[in-house]
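Q: Hi! Could you walk me through this model while I have it open?

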Amino acid sequence: MTEPTYPNLQSPVCPLPLPAGAQILIGHGSGGGMTRDLIVNVFQKYLGNAILNAGNDSALLADELTRHAGSQMVVSTDGHVVSPLIFPGGDIGRLAVCGTVNDVAMLGAQPRYLTANFILEEGFSITELEQILASMADACREAEVEIIAADTKVTEKGKSDNLFISTTGIGWAPAGRSISGQNARPGDAVLVSGPLGNHGIAVMQARGNLGFQSEVRSDTAPLNHLVRELCDAVPDVHALRDPTRGGLATTLVEIARQSGVSILLDESEIPIDVPVRSACELLGLDPLYLANEGKVVVFVPEENAETALAAMRENKYGAQARRIGQVTGRSDGRLLLRTALGTTRVLDMLAGEMLPRIC
Ligand code: MG
């Protein structure tokens, strides 16, 4: 087979038309001509930028330290193996960007750059790959981040599953900002940016696991702009975390243990959309343990709670923000739920795996 010729990587990319039904072949992982073909004609078409297209083995961030002198650098990394790849309200590409953007934002930082690692399975549809990369590019534009280094590997058919994406994020927090899961304090108000459990139910529905039709869509969204607006309005935010795998309950137990505090939630204040609640009742699931991909839990001093809620509600991803509980005192880390019936129940972390490959 003769190798096609490739445009200079540093010149503007001129995509070659790919044949309909094109699939990932083992040769796309060779590191040779076919890999370059895939990178130039597929990956750079969607994710390209000056740093990525330079075609080096790594990204040189020339003036970054000068530009952010005095700031704190924040780094996070996350693997994404969600199945199916595309689900109501999102896909693995949007998830891979938002998951890492949000983890960087949870320390009060603004993410700036991502790296991405794509594990492709032989036989995977290049049309579907392009759809996912286009969605990834949209999410990057929305979050105002760029993918500046990337890698692709191909496994033989059956040795992986269509597509896995790992992303690493780099961002910057202002000097002196100290937002941490260790910083929840007795007297803090506990807020949540919106209704819970939508991602978990949307993925179950996409798998055909519900057994009935539901209109629930995943909440997958970048929260960095909401976090910036919140931190501008309330400089004294103590802790932020996105309640992803394991849901709200697991996330709050983690923070309670990290900070050595007790948290009391008011069940009647926890926002859950009616279709999510109905699906949970039918399936015997607890929405407090379902995954979310576009929600944040916020700990602020009680006197700042209303200002924080108002700032969050200004952002479309926080329009339904609510105060759901409070930090009641010091302990070895306890989460209590005051139920709608007036009883109090102890909540623990999710035991085992409720829904594998949810993110
Ligand atoms: Mg997280």
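Q: How do the lining residues of the second largest pocket divide into nonpolar, polar and charged?
A: They divide into eleven nonpolar, five polar and seven charged. Here Ala, Val, Leu, Ile, Met, Phe, Trp, Tyr, Cys and Pro count as nonpolar, Asp, Glu, Lys and Arg as charged, and the others, Gly among them, as polar. Keep in mind that this is a predicted model, where local features need pLDDT of at least 70 and side-chain atom pairs count only at pLDDT 80 or more, while totals for chains, interfaces and linings use all residues. Residues are numbered from 1 along each chain as its sequence is written, and side-chain values use heavy atoms, with hydrogens and water left out.

Q: Thanks! Which residues lie nearest the centre of that second largest pocket?
A: D78, G99, D103, T244 and R245 do, out of a lining of 23 residues. A pocket is found on a 1 Å grid over the protein atoms alone, as an open set of points where a 1.4 Å probe fits, with protein on both sides within 12 Å along at least five of seven lines; lining residues have an atom within 4 Å of a point.

Q: And what volume does the second largest pocket have?
A: About 340 Å³. The volume is the space filled by probe spheres set on the points, and grid points are joined across faces, edges and corners.

Q: Which element gives the largest share of the lining of the second largest pocket?
A: That's β1, with six residues. Both β1 (72–80) and α4 supply at least two. Helices (H or I, at least four residues) and strands (E, at least two) are DSSP runs, numbered from the N terminus.

Q: I see a magnesium ion. What coordinates it?
A: D103 and D242, each through OD, at 2.1 to 2.2 Å. D103 belongs to helix α4 (residues 92–105), while D242 is in the loop between β8 (239–241) and α8 (247–259), so the pair links parts of the chain 139 residues apart. Donors are N, O and S atoms within 2.8 Å of the metal (3.2 Å for Na, K and Ca), and water is not among the atoms, so sites may look incomplete.

Q: Are those two aspartates buried or exposed?
A: D103 is partly exposed, with a relative accessible area of 25%. D242 counts as buried at 9%. Buried means under 20% relative accessible area, exposed over 50%, and partly exposed in between (1.4 Å probe, protein chains only).

Q: Switching over: where is N292?
A: N292 is in the loop between α9 (274–283) and β10 (297–301), and it is buried, with a relative accessible area of 1%.

Q: Which backbone oxygens does its side chain reach?
A: A polar atom of the N292 side chain lies 2.8 Å from the backbone oxygen of P243 and 3.2 Å from that of L290. For reference, a polar contact is a pair of N or O atoms within 3.5 Å; within protein, one must be able to donate a hydrogen and the other to accept it, and residues adjacent in sequence count only if both atoms are side-chain atoms.

Q: What else is N292 in contact with?
A: Leaving aside neighbours within four places in sequence, its contacts include N198, H199, D219 and T244. Contact means heavy atoms within 4.5 Å.

Q: What happens just after α6?
A: G208 takes a positive phi of about 75° there.

Q: Back to pockets. What about the largest one?
A: Its volume is about 580 Å³. The largest pocket is lined by 25 residues, with I39, G55, N56, A150 and D151 nearest its centre. The lining divides into ten nonpolar, eleven polar and four charged residues.

Q: Which residue sits in the loop between α1 and α2?
A: N49 is found there, and at 11% relative accessibility N49 counts as buried. A polar atom of the N49 side chain lies 3.4 Å from the backbone oxygen of L47. Not counting residues up to four places away in sequence, N49 touches E146, I147 and I148.
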